[in-house]
Amino acid sequence: MTPSARLQAAIELLDAIILAARESGAAADTLIARYFAERRYAGSGDRRAVREHVYAAIRLAGERPANGRAAMLAVAKADPALAALFDGSAHGPAPIGDKEVAATPGVAPGWLLDKLRVSGLGPEEYPALIDRAPLDIRVNCARAEMAAVIAAIPGATASPHAPDGVRLPSGTQIEQLDLWRDGAIEVQDEGSQIVTLAAGAGPGMTVIDLCAGAGGKTLALASAMQGEGRLIAADIDRARLSRLAPRAARAGATTIDTRLLNPGHEAEKLADLSGEADIVLIDAPCSGTGTWRRNPEARWRLTPTRIDRLMATQAVLITLGATLVKPGGVLVYIVCSLLDDEGADQVTRFVAAHPGWRALPIDLPAGRRHGPGVRLTPYHDSTDGFFVARLQSPC
């Protein structure tokens, strides 16, 4: 592909990504993979260049652009070499017109910036929200030692805060490493590792991961429990939960009990666990405002109505999780959101409505106290953004 053809491919992909964001369609990575699956002539250099164009445009435009050309024009305004590729060649984009309107650069839509400000996030934090994320892994201490993992991977270093975390050079092909095939490492953002520490899981406990998904935090809990105790991974998403079994087998976490829940009737499959858990961890569905570094087009998908729906789901999950906690046990509430509506305020509302429950102090290797819990941010902690609270049930 010529440089101009690569740019036109990026514009076509951006059209598809913008449409998908507007209509709740597939994620950008999925659309990019499909695009190149249908264009086998594109080499690895072509794919890399097109992807870089696409994500440069996504990160630059806070508001959802009108179309892919407008998104790419915004990048070209600051890059004369890129602007020159709008040359009207056979497979390239048409020349830039005098009256064409480019997308407006920004961190996020204005209404979301207002919510971030109300949630105590200052403007110094904003650029980091859309920076490129580092590549972090968690060492499975049952299979390997930290020093051995760092020595085995060129460029690896201990991550800044997480005790089992390692930061790798961008582009490391993790799934080609023997350490990954042997279950010694798992891909997991350092922030995700840190907030899981708030559970305080240990051997012999009964622990429920109520929104387990593909099991990243479940596997971290299993490692902390050292194979002793009872660990239940539950979720309503069959496809995501099915990914846990092979990951657990690779990691040697053979004692995890998975439960597929029926949406709207989750309590039925958990009735035998009522009041039994030492720890219930809820990694709740949320807006994902803390993960824009990895999914920058997510800013284009959010609406106030969608956030209201997520908040309603979060409230239901906290209430359900509370019924599973034994007297004196703990509920750990996590969202990868920086909005107080989904984090601090959600927990405050729960505690106010449930006499006897209280927020406990949390001692984590990163983050800052925020309301009844702790918040991590990309700017302050070099992690994804999270809010976590540790709540104790009445004795």
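Two strands are taken to pair if DSSP finds at least two bridges between them, and the helices (H or I, at least four residues) and strands (E, at least two) are themselves DSSP runs, numbered from the N terminus. The structure described here is a predicted model, in which local features need pLDDT of at least 70 and side-chain atom pairs count only at pLDDT 80 or more, while totals for chains, interfaces and linings use all residues. Residues are numbered from 1 along each chain as its sequence is written, and side-chain values use heavy atoms, with hydrogens and water left out.

Strand β13 has several pairing partners. In β13, Arg390 is the bridge partner of Leu360, and strand β10 (residues 358-360) pairs with β13 in the antiparallel sense over three bridges. Strand β9 (residues 325-335) is likewise antiparallel to β13, with six bridges between them, and strand β12 (residues 373-376) pairs with β13 in the antiparallel sense over three bridges. Val388 of β13 is the bridge partner of Ile334 and also that of Val374. Buried denotes a relative accessible area under 20%, exposed one over 50%, and partly exposed the range in between (1.4 Å probe, protein chains only); six of the seven residues of β13 (residues 386-392) are buried, so this strand is largely enclosed by the rest of the structure.

A separate description applies to an open sheet of four strands, which has the order β2-β3-β1-β4 with antiparallel pairing. Strands β2 (157-158) and β4 (185-187) stand at its edges, each with a single partner strand, so one side of each is left without a neighbour in the sheet. Two bridges join β2 to strand β3 (residues 165-168) in the antiparallel sense, and Ala158 stands opposite Val166 in β3.

Helix α14 (residues 304-324) has 21 residues and reaches 31 Å from its first C-alpha to its last, close to the 30 Å expected at 1.5 Å a residue, where the expected span is 1.5 Å times one less than the number of residues. Its buried residues, among them Ile307, Leu310, Met311 and Gln314, pack against α6 (110-118), β5 (205-209), β8 (277-283), β9 and α15 (344-353).

The loop between β8 and α14 holds Arg299. A salt bridge requires a side-chain nitrogen of Lys or Arg within 4 Å of a carboxyl oxygen of Asp or Glu; Arg299 is buried yet has none, the nearest side chain of opposite charge, Glu297, being 7.4 Å away. For such charges, Lys and Arg count as positive and Asp and Glu as negative, whereas His and the chain ends are not counted. The side chain of Arg299 has a polar atom 2.7 Å from the backbone oxygen of Ile58, and the side chain of Arg299 also reaches the backbone oxygen of Gly106 at 3.4 Å.

Across the whole structure, 22 salt bridges are found. In one of them, the closest N and O atoms of Arg368 and Glu125 are 2.9 Å apart; Arg368 lies in strand β11 (residues 368-370) and Glu125 in the loop between α6 and α7 (126-129), so the pair ties together parts that are 243 residues apart in sequence. Arg368 is partly exposed, with a relative accessible area of 35%, whereas Glu125 is buried at 4%. Asp189, Arg293, Arg294 and Asp384 are linked in a network of salt bridges. Within this group, the closest N and O atoms are 2.7 Å apart for Asp189 and Arg294, and 2.8 Å apart for Arg294 and Asp384.

Conventions. Contact means heavy atoms within 4.5 Å. A polar contact is a pair of N or O atoms within 3.5 Å; within protein, one must be able to donate a hydrogen and the other to accept it, and residues adjacent in sequence count only if both atoms are side-chain atoms.
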